[in-house]
Amino acid sequence: MRGHITDDSLIDPGSQQRIDEVACVLQKRGGSATSAEVAADLGIHPSTARFHLDRLVKQGRAETTRRHRAARGRPHTVFTVVNDEGPRAYRLLARMLVEEVAASDDPTATAARIGRRWGRRHRGDVVTVLDEMGFSPAYDAGEIVLRHCPFLDLALDHPQVVCALHCGVIEGVTGTSATIDPNPGDRCVVHTAARRPVSTRNT
């Protein structure tokens with residue numbers, strides 16, 4: 001699935017942020033891809049994708065191999081992520097931050113405020129935003145059903161924080177009020193006054 005990264009957002013080919021965006025797409029393809037495959041995912045020109053991929057190689061974050069075609073012709077260059085940057089502990093970091101919010105005077109209000117602030121920076125189709133976050137959303141009878149929770153462990157331990165945060169995100173993205181019927185581990189249902197885009201389809 002393509003995200004919101006467009007050719008215009010990659011206008012500065014030397015930007016480290018742009019290189020990181022390309023690296024993220026490479027990871028989503030299982031760690032290996034050709035420049036044409038990365039370009040197709042991002043909706044950019046193959047030469048632009050190749051430029052960023054070459055930068056990843058120079059930084060030691062990717063390496064290249066050759067993939068021979070089934071038919072005659074020059075082999076493809078395949079870029080593969082190099083996982084030698086040491087361990088990351090994003091889950092631990094997330095738990096530390098959630099536990100801090102949970103210990104505040106009003107964890108639900110604090111979490112919702114944080115979510116709204118983030119959501120306002122990502123205005124657009126709320127279902128697209130939720131899908132990119134990993135919720136596997138779908139419209140059902142005018143409501144939004146979240147079929148997967150990418151933060152399930154934290155939601156089970158601190159639903160007053162995590163579910164409120166998600167609700168705030170939806171309000172920030174849509175600019176309207178929202179509520180969530182939480183059911184961590186199963187399907188959660190979002191109630192919002194935001195209109196469903198005509199082009200949006202159930203997934």
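Start your tour inside the protein: select Phe135, Leu146, Cys149, His166 and Cys188, the residues nearest the centre of the largest cavity, which has 13 lining residues. Keep in mind as you look around that this is a predicted model.

**Stop 1: the cavity**

With those five residues shown, look at the space between the atoms. The largest cavity holds about 90 Å³. How many cavities of 30 Å³ or more does a search of the whole structure find? The search finds one. If you colour the lining by class, you will see eight nonpolar residues, four polar ones and one charged residue.

**Stop 2**

Next, select residues 107-120, which form helix α5, and residues 159-174, which form helix α8. Their axes come within 6 Å and cross at roughly 35°. Is the crossing of α5 and α8 left-handed or right-handed? The crossing is right-handed.

Now show the side chains where these helices meet. On the α5 side, pick out residues including Pro107, Ala111, Ile114, Trp118 and Arg120. On the α8 side, residues including Gln160, Val161, Leu165, Glu171 and Val173 take part in the contact. Glycines belong to it too, among them Gly115 and Gly119 in α5 and Gly168 and Gly172 in α8. By class, the contact of α5 with α8 is made up of 10 nonpolar, six polar and three charged residues.

**Stop 3: histidine 158**

Move on to histidine 158, which sits in the loop between α7 (152-157) and α8. Is histidine 158 buried or exposed? It counts as buried because its relative accessibility is 15%, below the 20% cut-off. To find its contacts, leave out residues up to four places away in sequence: histidine 158 then touches Val98, Glu99 and Ala102.

**Stop 4: two residues with positive phi**

Finish with a pair of backbone angles. Select serine 136, in the loop between α6 (126-133) and β4 (137-140). Its phi is near 50°, a positive value in a residue that is not glycine. Serine 136 counts as partly exposed because its relative accessibility is 26%, which lies between the cut-offs of 20% and 50%.

Then go to alanine 141, in the loop between β4 and β5 (143-146). Alanine 141 is not a glycine either, yet its phi is positive, at about 55°.

Conventions. Residues are numbered from 1 along each chain as its sequence is written. This is a predicted model: local features need pLDDT of at least 70, side-chain atom pairs count only at pLDDT 80 or more; totals for chains, interfaces and linings use all residues. Side-chain values use heavy atoms; hydrogens and water are left out. Helices (H or I, at least four residues) and strands (E, at least two) are DSSP runs, numbered from the N terminus. Buried means under 20% relative accessible area, exposed over 50%, partly exposed in between (1.4 Å probe, protein chains only). On a 1 Å grid over the protein atoms alone, a cavity is a set of points where a 1.4 Å probe fits but cannot get out, and a pocket is an open set with protein on both sides within 12 Å along at least five of seven lines; lining residues have an atom within 4 Å of a point. Grid points are joined across faces, edges and corners, and a volume is the space filled by probe spheres set on the points. Ala, Val, Leu, Ile, Met, Phe, Trp, Tyr, Cys and Pro count as nonpolar, Asp, Glu, Lys and Arg as charged, and the others, Gly among them, as polar. Axes are lines fitted to C-alpha atoms, for helices over the stretch in contact, and angles run from 0 to 180 degrees between N-to-C directions. A crossing is left-handed if the near helix is turned anticlockwise from the far one by less than a right angle, and right-handed if clockwise. Contact means heavy atoms within 4.5 Å.
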